[in-house]
Every structure is written in structure tokens, then in C-alpha cells.
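Please look over the sequence and the 3D structure shown here.

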Amino acid sequence: MSGDPPGFDPQPASKSSLPAQSHSDNQSCLVTSALGDDHGERVTEAQIVPMPPVAATALPWDAEVPDPVAALRRARDSCGDTFAVVSGATTYLFVFSPEGVRSFYGLPEECASKGVADWLLLSRKLPEELFDGRRTMPHALFDRDHVQSYLGQLDWAIDAQCAELGDEGVVDVFTLTRRLGHRLGLACWAGATFTDRAEFDRLVVALDELDGAAAFVHPGAMTAVAARGKDRERAALAEVEAVLGRVLRRRDVDPPAAPELFDEIVIRWSDESGSTREIGIARDVVLVHIASMSNLFAALGWMLVDLLGRPHLLHRIRADDRELAERCALESTRLAQRSIMMRSVLAPVEVADEQTVFHVAPGAVVATFLPLTNTSAAAGLDGYDPDRWHRRHLRNEAALSARELVTAFGHGKHSCPAQPFSLAAMTRSVTRLAQRYDLAPEFSDPRPVAGQIGGVARSETPCPIHYRRRA
């Protein structure tokens with residue numbers, strides 16, 4: 001998920017409807033109104049009328065942009081709340097004002113598709129065949145009823161990770177939460193069958209290589225991925241297919257005693273047999289796992305980092321204050337947001353800010369960028385305060401000029417479908433870790449990866465913690 005954390009809908013339209021994309025390098029343009037500029041006039045006629053100011057930056061998948069957050073903040077300072085970025089062969093209309101962001105969220109998916117924008121970004125990293133013929137979309141497994149059935153499997157996964165940790169040691173927070181995230185996901189939608197450490201380790205290595213989040217965490221590296229034909233990613237996909245194929249064959253001989261969520265994926269392939277069935281099921285598992293886990297482990301990591309610096313809150317969570325734990329999860333996710341929310345225009349749309357209605361043609365992208373609104377839309381949002389949340393909403397939402405300016409998991413139709421699962425996994429994991437261990441940070445001043453544009457922030461440096469089993 002490039003935009004809403006931590007999930008995405010990767011196949012809302014046929015690939016024949018996707019606009020062509022270029023990966024040209026070193027594309028930038030001057031901060032100026034496009035009127036009177038030859039390049040700007042060509043873009044105006046083709047994609048946006050009237051053309052807003054064009055910012056002197058590109059996006060990091062087309063050119064070297066060491067810090068996209070800083071680059072887009074400078075663009076906003078220079079151009080105002082509505083501006084264009086011409087990057088590669090694509091024109092992006094960025095909106096940040098209250099009316100502009102409301103207009104962005106109101107665009108119909110069939111005309112301006114978040115799913116297509118996600119697909120275009122993730123397909124820079126992931127093999128195209130992973131998206132073909134999928135029968136299980138991520139949103140199908142994340143409704144409220146499913147979340148209730150996940151809880152036992154989440155507990156099993158957390159217990160398994162604690163057993164691996166042992167009684168005492170030092171571990172990097174984000175290494176721990178990534179591995180725990182793999183356990184949580186595989187326990188839920190691949191069955192709680194991974195008691196074999198070697199088998200689990202093979203899946204972890206392969207799934208880390210298939211992490212589609214690399215497309216927005218390290219966007220500059222995608223040129224090299226394309227140059228080698230995604231060979232490592234295809235080898236990793238084949239490895240997952242081989243491991244899960246063996247799991248399926250064992251499962252066919254010795255079915256689980258109780259129903260599992262994995263059954264829902266298996267049943268969708270009941271009309272197939274042999275390798276077609278095994279590959280189809282394995283690729284469904286990979287897609288659901290990538291969609292749900294790629295940002296969850298990072299959000300869980302920042303939740304731990306934030307709480308380790310606030311022992312009084314961690315003490316209350318250890319005492320099973322679940323409502324506080326959920327508010328802390330929301331607040332850490334809000335502050336760690338690096339999501340660029342994009343909508344690929346498939347049919348002509350109108351996007352309005354407070355002064356202008358922009359007519360946007362197919363091939364353009366409409367976008368907003370959460371780190372530029374989440375911490376600045378009202379006074380005090382630049383600090384950590386879990387008490388600002390009440391039942392997954394901001395307590396003082398009325399103080400915002402538009403409620404859409406601040407989010408942890410998206411808004412309305414564009415809310416992340418995995419939000420209930422993600423919050424259950426985060427709160428359950430932190431609570432049980434705090435109850436099981438005394439935790440002490442051995443890091444200072446953790447910082448996000450500067451080059452990231454999308455998803456939840458990754459940490460630039462290790463964040464080691466010391467843990468010791470409680471009596």
C-alpha cells in the first residue's frame with residue numbers, strides 16, 4: 001500500500017485501462033505558472049486546465065530526490081496549497097487546502113483510481129504475474145467478523161515469537177516487529193502450521209524480498225530492479241510457492257481439526273488441482289500478506305518506540321488498558337505516516353480548491369501527501385498525544401478546517417480495509433510483550449528513512465531494546 005496504511009486494493013481495473021508510465025530520469029521544472037512556458041503549455045493542453053504553478057522537483061521514482069518530504073514541503077511553500085509536479089512523463093496535481101483535499105477524497109474510483117495508482121507503484125517492485133488471476137482480494141478477509149476469528153491466531157503468533165526471544169536479550173525493535181508481523185500474517189491466512197523453524201525462515205527471507213513497500217521506501221532503487229528483470233523477486237515468489245505447496249499437500253492429507261481462515265483461500269481454488277491450485281493459493285496468500293503486513297510492522301515498531309520513551313503509558317498498557325493501547329496505536333501511526341495518496345485519472349475529472357476548478361484529463365495523477373497535513377492542520381498536531389483520539393476519531397475534529405486533513409488509516413471509502421485487524425494486532429502485540437517482558441530502550445533520537453515517499457516510515461538507524469522476562 002502506497003497510500004492508506006497498511007493495505008491496498010491492487011486490482012480494481014483491468015491492466016488494459018492503466019495509463020502508460022515512463023521511468024525517465026532527471027526530470028524537473030521551474031517554479032512558475034505554466035502560462036507562457038513552452039513545456040507548461042504543452043502539459044496544460046494535455047492534462048490540467050488551468051495549469052497551477054509547477055514545482056521545481058520531480059518524484060523519486062523518476063529522479064534522485066534525497067528527501068521527498070522536504071522537497072514537497074518546499075514546493076508547497078513556494079507554490080501554495082495547489083501545484084503541479086511534472087515527473088517523467090506524468091503530471092501530478094497536488095492538493096493540500098481543505099477544499100482541495102475534500103475534493104480529492106470525493107473523486108469516484110472509476111474515474112480517478114487509487115487502486116490503479118497503487119498497482120502502478122507496486123508493480124515497479126513486484127512481478128506482474130503476482131497480480132494476475134487473484135481470487136482473494138485483501139479486503140475480503142478484513143471485515144469485523146473476520147477480525148474476531150483472528151484473535152486466537154494472533155495470540156499463537158505472539159507466543160511463538162516470545163518463545164523464540166527467550167528470557168533475556170537485546171533486539172532491534174523493527175527487526176522484532178517485522179518478524180512478528182510475518183508470524184501474525186502467516187498464522188492468520190496461511191494456517192497455524194509453521195512450527196518448523198527452517199520452513200518459516202525460508203518464507204521470511206522470500207517475503208522480505210517480495211516486500212512491495214520497497215517501491216516507496218527506496219524508490220530510487222527501482223531502476224535497478226527493472227534493469228535485472230525482477231529476477232530476485234521472481235525467485236522469491238517461486239520459493240514461497242514451493243514452501244506453501246508442501247504445506248498444502250500436508251494439509252490435504254491431515255486437515256486441521258478446527259476451521260481456519262486459510263480455508264477461505266483454499267476453497268476459492270477448489271475447482272483447480274495440482275500445480276495450478278497450489279500456485280494460485282500461494283499467490284493469493286502472498287498478495288494478502290504484502291497488502292496487510294508491509295506497513296503494519298513499521299507502525300507496530302513506532303508504537304513500541306513511542307511507548308518506550310513514555311514508561312507511564314507502557315505501565316498502563318501492561319495493566320491491560322486496551323482503549324489506551326488503541327489510542328497509542330493510532331497516534332504512532334499518524335505521526336509515522338509518509339503516505340502519498342494518489343489517484344490515477346482514467347476519465348476526465350474536476351478537482352476544486354477554494355479558488356479554482358481544475359479539469360484533469362486521463363493520464364494525470366491527483367495527489368496529496370499525509371506528512372504535510374497530519375502534523376500541521378491544527379495547533380499541537382506536531383506532538384505525541386494519544387488522548388487526542390476517541391473511538392478511532394480525533395476528539396477535536398471540529399477544529400480542523402477539513403476532517404480529511406488528518407488521518408491514520410484514511411477516510412470513508414478510502415479507509416484502509418485492514419484497520420480493525422491492524423489495530424487488533426498492534427494493541428495485542430504490545431500489551432502481551434509488555435506483560436511478558438521488562439523493556440528498556442538502548443537507542444536515542446530514532447529517525448525515519450529520508451528517501452521514503454509512501455506508507456508508514458521505516459527507521460533510518462537500528463533501535464535496539466533490552467528485554468528481560470518478568471517474574
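Strands (E, at least two residues) and helices (H or I, at least four) are DSSP runs numbered from the N terminus. This is a predicted model: local features need pLDDT of at least 70, side-chain atom pairs count only at pLDDT 80 or more, and totals for chains, interfaces and linings use all residues. Residues are numbered from 1 along each chain as its sequence is written, and side-chain values use heavy atoms, with hydrogens and water left out.

**The two faces of strand 3**

- In a regular strand the side chains alternate between the two faces of the sheet.
- Thr90, Tyr92 and Phe94 point one way from strand 3, while Thr91, Leu93 and Val95 point the other way.
- Residues on both sides of strand 3 are buried.

- Five strands form an open sheet in the order 2-3-9-6-4, with mixed pairing (two strands pair if DSSP finds at least two bridges between them).
- Strand 2 (82–87) and strand 4 (112–113) are the edge strands, each pairing on one side only.

**Pairs of strands**

- Strand 2 and strand 3 run antiparallel and are joined by six bridges; Thr82 stands opposite Val95.
- These two strands form a hairpin with two residues between them, and Gly88 in the turn has a positive phi of about 60°.
- Strand 3 and strand 9 pair in the parallel sense over three bridges, and Tyr92 has Val365 in strand 9 as its bridge partner.
- Strand 6 (residues 340–345) pairs with strand 9 (residues 365–369) in the antiparallel sense over five bridges; Met342 stands opposite Ala367.

**Helices on the sheet**

- Helix 2 (residues 68–79) packs on the sheet and touches strand 2, strand 3 (90–95) and strand 9 (contact means heavy atoms within 4.5 Å).
- The direction of helix 2 makes about 130° with that of strand 2 (axes are lines fitted to C-alpha atoms, for helices over the stretch in contact, and angles run from 0 to 180 degrees between N-to-C directions).
- Helix 3 (residues 98–106) lies across strand 3, strand 6 and strand 9, at about 55° to strand 6.

**The whole chain**

- The protein chain has 16 helices and 13 strands.
- Of its 471 residues, 59% are buried.

Technical notes. Buried < 20%, exposed > 50% of the residue type's maximum accessible area, 1.4 Å probe, protein only.
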